[in-house]
Amino acid sequence: MKRNKPLALVAGAALLTLAACGGGSDDGGSTGGEKREFGEQTGGTKDAGAQGPAAEIDGATAGGTITVYLPGDPGPDTLDPTAGWSVTGNSIQQALTSRSLTQYKRGDDGQPVLVPDLATDLGTPNDDYTEWTFTIRDDATWEDGKPVTAEEVAFGICRSLDSEAFPSGPGTEYSKAYFDGAADYEGPYTGKDPNCEKWSGISVDGQDITIKMAKPFPDMDYWGAFMAMGPAPLGNASKPPNYGTKPLSNGPYKVDSYKPNEELVLVKNDQWSADSDPARHQYADEFVFKFNQDQAKVDEIMLSDNSDSQTAVSTGLGSDKYNDANGQLGDRLVQQTSQCVSTLTPDYTKIDDIRVRKALAYAYPYRDVWIAGGEVPDVTRIPANSVMPPGMAGKKDFQVDGEQITYDPEKAKALLEEAGVEMPYPITMIYYEVDPLAKATQDQITKGFEASGFSVKAIPVQESPYNVWLDPDNKVNKTLNLRGVNWCSDWPAGSTMIPPLLKTDAVYNTAGFSESSVDDEMDNIATLPLEDQADAWGALDEKIMTDYFPIIPTAFRNDLFVFGTKVGNPTGDGSIGAPNYKDLYVMQ
């Protein structure tokens, strides 16, 4: 899942500060407050029997407005649930407006627990996981009071197969790869099949939906937690792109107004029934999400404890305010671990020498970049050695060059000389000039690269860099030889990290990496016994990084969230690395 907030892709400066590992200046250390160190996500558990209503939060009260500031984060480009594949959009919509087959709740230990949502349980597979059946509950409704039907859920799932209508949606990675007949089906819009009659991979029998798989898919219950595995109104009512401006809600909140890149206002959906929902609450009257906020201004608001901050949440904290905030805020400064990695992605067809790619890794001034981007070294960012993040089953403890790669200009120059390339070696990249922290980050990247034998052409853009990176026809994108991705696991498995970033023609393979032997091994792992797959993904991660080094894993990521003094239950959502919107309330 991409981070818009480097989602993550999967934000703030994060959305575009492609963070990395080691070296540079120091953050000065903590002067008080809680000692916070980088944590590991454990992966969570499952509770197939969970039923609504969700347990009440102790002391929770109804009413009030919660304002969420998202520093440097442009927010989702569309609210169409089928297109949702970013930390920012998914964390908001999955929690508040858009239901799917399954979902997560926060367990007593703070870890995510997979529970039912529109399905009555977590689904029933056949013996070899090539067929899954979900029974759709009969008490869920749309915001207009009409029932959510099994046919609408099936139609929503079918929509996820339309890669032309939703080119950056998660269905491009999972539905197209795993569902039977999906590879050859163009989708309801591109294939001019408005009722999904030409795809036989899904069937509806009363309240039961059965999905056939092209290959074993034991993680279908996890995939079911994505909005793309949720309902859509039949026919033209949900036709893109118009549906993405104000989708019909089936969660506790509905869209009141939406200004892309600026603001999203959600109000209570009076047709939502708590009895139908095992994990969501509806305490606040309203949520107001403010995108593309200036980090310094947000920090000033959140640390002031004035009326604007008391019922507010910030999804980021500037590194220069960390010591003060850590000493003053107590449990209102929440550190949330997430299984996320930030990367630089050299174009594999243009930078075809592994020594040049490694030189870029040594040329990156990691700690200076983190600090410039508002991150806190060793708290929100730590050095990365692999694609798979800490805590993920099967992750290997290896180092490509025997020890952690850190900022080393002389080592970078030596590698360039060994490669026999002309110096300075030209790099062309983009940065998000709307965010001051992204500009400050680019300045540090340029400084580090130019001290290491590279020349840098940094092109400012005023839209999400992902809009450029993911468009093969974009004129600016064609000139680039260095891009990036900030990526979070879609569920705790290597299958959601390595193929999305490194398989040939994967949407978020912004490096253009393509090796047939690696593709074959990815396909082979899916056929192994379940107990062998995690270690196989870890071994492939090590092989790819050691033999090819096609992308530069620049940092493993934690997040810091700031909660106002009147926001109750200040917690994070470990399933997605965002504030725990489902359980927040305003103290009355």
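Analyst: When I say disulfide, I mean a pair of cysteine sulfur atoms within 2.5 Å. This is a predicted model, where local features need pLDDT of at least 70 and side-chain atom pairs count only at pLDDT 80 or more, while totals for chains, interfaces and linings use all residues. Residues are numbered from 1 along each chain as its sequence is written, and side-chain values use heavy atoms, with hydrogens and water left out.

User: OK, how many disulfides does the structure hold?
Analyst: Two. Cys 158 pairs with Cys 196, with 2.0 Å between their sulfur atoms. Cys 340 is joined to Cys 488, also with an S to S distance of 2.0 Å.

User: Where do Cys 158 and Cys 196 sit?
Analyst: Cys 158 is in helix α2 and Cys 196 is in the loop between α3 and β7 (202–205), so to speak of the elements by number; the pair links distant parts of the chain, 38 residues apart. Helices (H or I, at least four residues) and strands (E, at least two) are DSSP runs, numbered from the N terminus.

User: Is that Cys 158 and Cys 196 disulfide left-handed or right-handed?
Analyst: Left-handed, because the torsion about its S-S bond is about -100°.

User: And what about the torsion for Cys 340 and Cys 488?
Analyst: There the torsion about the S-S bond is about 100°, so that disulfide is right-handed. Cys 340 lies in strand β13 (residues 333–346) and Cys 488 in strand β17 (residues 482–488), so the pair ties together parts 148 residues apart in sequence.

User: Are these cysteines buried or exposed?
Analyst: Both Cys 158 and Cys 196 are buried. Cys 340 counts as buried at 1% relative accessibility, and so does Cys 488 at 3%. Buried means under 20% relative accessible area, exposed means over 50%, and partly exposed is in between (1.4 Å probe, protein chains only).

User: What's the pairing in sequence order?
Analyst: Numbering the bonded cysteines along the chain, the pairing is 1-2, 3-4.

User: Switching topic: how many helices and strands does the chain have?
Analyst: The chain has 16 helices and 22 strands. Its radius of gyration is 23 Å, close to the 25 Å that the globule rule gives for 588 residues, so the chain is as compact as a globular protein of that length. That radius is taken over C-alpha atoms, and the globule rule is 2.2 Å times the number of residues to the power 0.38.

User: How much of the chain is buried?
Analyst: Buried residues make up 61% of the 588 residues.

User: What's going on with helix α1?
Analyst: Helix α1 (residues 87–96) has ten of its ten residues buried, so it is largely enclosed by the rest of the structure. Among those buried residues are Val 87, Ile 92 and Leu 96.

User: Which elements do the buried residues of α1 pack against?
Analyst: Their partners include β2 (65–71), β9 (253–259), β11 (286–293) and β17. Contact here means heavy atoms within 4.5 Å.

User: Last one: where's Pro 167?
Analyst: Pro 167 is in the loop between α2 (150–159) and α3 (175–178). Pro 167 is partly exposed, with a relative accessible area of 46%.

User: What does Pro 167 touch?
Analyst: Not counting residues up to four places away in sequence, Pro 167 touches Thr 172 and Val 507. Val 507 is 340 residues from Pro 167 in sequence, but their C-alpha atoms are 7.7 Å apart in space.
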